[in-house]
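This report describes the packing, the surface and the charged pairs of one protein model. The sequence and the structure are shown first.

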Amino acid sequence: MMETPSPFNDLLAFGKLRIRVVNGPSAGSTALLPQNSCRIGSGLQDDLVLLAYDLFEGHAELSAGLMPFSPLRVKALTGSVAVSGGQEIDPGQYLDIATPANIMLGGCELLIERPAATGVYLRWAAAMAAVVLLAVGLWAMLPKSLPSAASVRVPDAVAQAEPALAQVNDAPEKVVAAKLNELGLATQIIVKPSADGSVALSGLFSTRTANAWREFLQWYDSQPDFPPLLNSVSRADESDDLPRIASVWAQEPAQLVMEDGRVVREGEQLDVYWKFEGLTASGVEISRNGTKVIIDF
């Protein structure tokens, strides 16, 4: 949704990101999107839909904390993203940056800002301070003969349920699965149960996800209380690194339907690496850095 001028813009923009399109067909447009999570790309399901070359559906995701000085997390999903300073992140990677910041998605440059809502934050802080002072005053007025926490008996059923709940929440397998999903590895690597209490992983990582897999291993090594890792993950060969094509439309114009639902036409990018060149009698012809490959029907 494009932002409309208003004297109350700062208040209306509380909890949102202001995204300005710097160049491209939509240059000059401004949108307000939820700061907790918003997707930008060329697909109709994206929160902000743009038109530009090398811009894919679900290209990138932006998220930021509620506080005005918390960093902005830029996560590349289906395409690479260049951020201020010339740094580039590939699909499956993310980077925390300060705002305002300029990012490049394909051929589209965006300016990301956190609208000034200082008055709103000050009122929120003042209200919280008032609540704290009221609580302290009420506590001082309470009778000193109230039972202490040590003398309050917790029902047995509740006492037994709380440790069980903590064990579920703290299960390393669940934390590991969430981290794999965050890094874009969940579709390639799975967590398997292990009888000896260790965490077992199996699957493949490709050329495109090698950096994300390396980041996961470094993250796991930094967890002090995690059990040993049984790593059965191996590197995929070049054929496994090819784009995942679900179906082929052979009539003119030739089209491919990818596993993620995207429709790619002849001459368009399948992903950040591969380009759809056309159909031959042998199969689907794709290219990468000038090298052409035929995928059999």
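Residues are called buried when their relative accessible area is under 20%, exposed when it is over 50%, and partly exposed in between (1.4 Å probe, protein chains only). The model is predicted, so that local features need pLDDT of at least 70 and side-chain atom pairs count only at pLDDT 80 or more, while totals for chains, interfaces and linings use all residues. Residues are numbered from 1 along each chain as its sequence is written, and side-chain values use heavy atoms, with hydrogens and water left out.

**Nonpolar interior**

In soluble globular proteins, nonpolar side chains tend to be buried together. A nonpolar core is taken here as a set of buried Ala, Val, Leu, Ile, Met, Phe, Trp, Tyr and Cys residues joined through side-chain atoms within 4.5 Å. The largest such core has 27 residues, and the members that touch the most others are Leu62, Val81, Ile103 and Leu110. A second, separate core comprises 16 residues, including Leu185, Val199, Ala210 and Tyr220.

Contacts (heavy atoms within 4.5 Å) show the surroundings of individual residues. Beyond four places in sequence, Leu110 touches Ile19, Arg20, Val21, Val22, Ile40, Leu50, Ala101, Asn102, Ile103 and Leu105. Leu105 belongs to strand β10 (residues 101–105), where strands (E, at least two residues) and helices (H or I, at least four) are DSSP runs numbered from the N terminus. With a relative accessible area of 1%, Leu105 is buried.

Cys38 is buried at 0% relative accessibility, and Cys108 is buried at 2%. The structure holds 0 disulfides, a disulfide being a pair of cysteine sulfur atoms within 2.5 Å.

**Surface sites**

Pro193 lies in the loop between β12 (189–192) and β13 (199–205). This residue is exposed, its relative accessible area being 76%. Pro193 and Glu173 are 20 residues apart along the chain, with 7.9 Å between their C-alpha atoms. Leu138, in helix α2 (residues 118–141), is partly exposed at 48% relative accessibility.

**Charged pairs**

Side chains of opposite charge can pair when their charged atoms come close. The structure holds 5 salt bridges, each defined by a side-chain nitrogen of Lys or Arg within 4 Å of a carboxyl oxygen of Asp or Glu. Among them are the following pairs.

| Pair | Closest N to O distance |
|---|---|
| Arg20 and Glu113 | 2.6 Å |
| Arg39 and Glu61 | 3.6 Å |

Arg20 in strand β1 (residues 16–21) and Glu113 in strand β11 (residues 108–113) are 93 residues apart, and their pair links distant parts of the chain. Arg20 is partly exposed, at 31% relative accessibility.

Because Arg39 lies in strand β3 (residues 38–41) and Glu61 in strand β5 (residues 60–64), their pair ties together parts that are 22 residues apart in sequence. Arg39 is partly exposed at 38%, whereas Glu61 counts as buried at 18% relative accessibility.

Asp96 in strand β9 (residues 94–97) and Arg73 in strand β6 (residues 72–76) are 23 residues apart. Asp96 is partly exposed with a relative accessible area of 39%, and Arg73 is partly exposed at 28%. Salt bridges with shared partners join Arg73, Asp96, Lys179 and Glu182 into one network.
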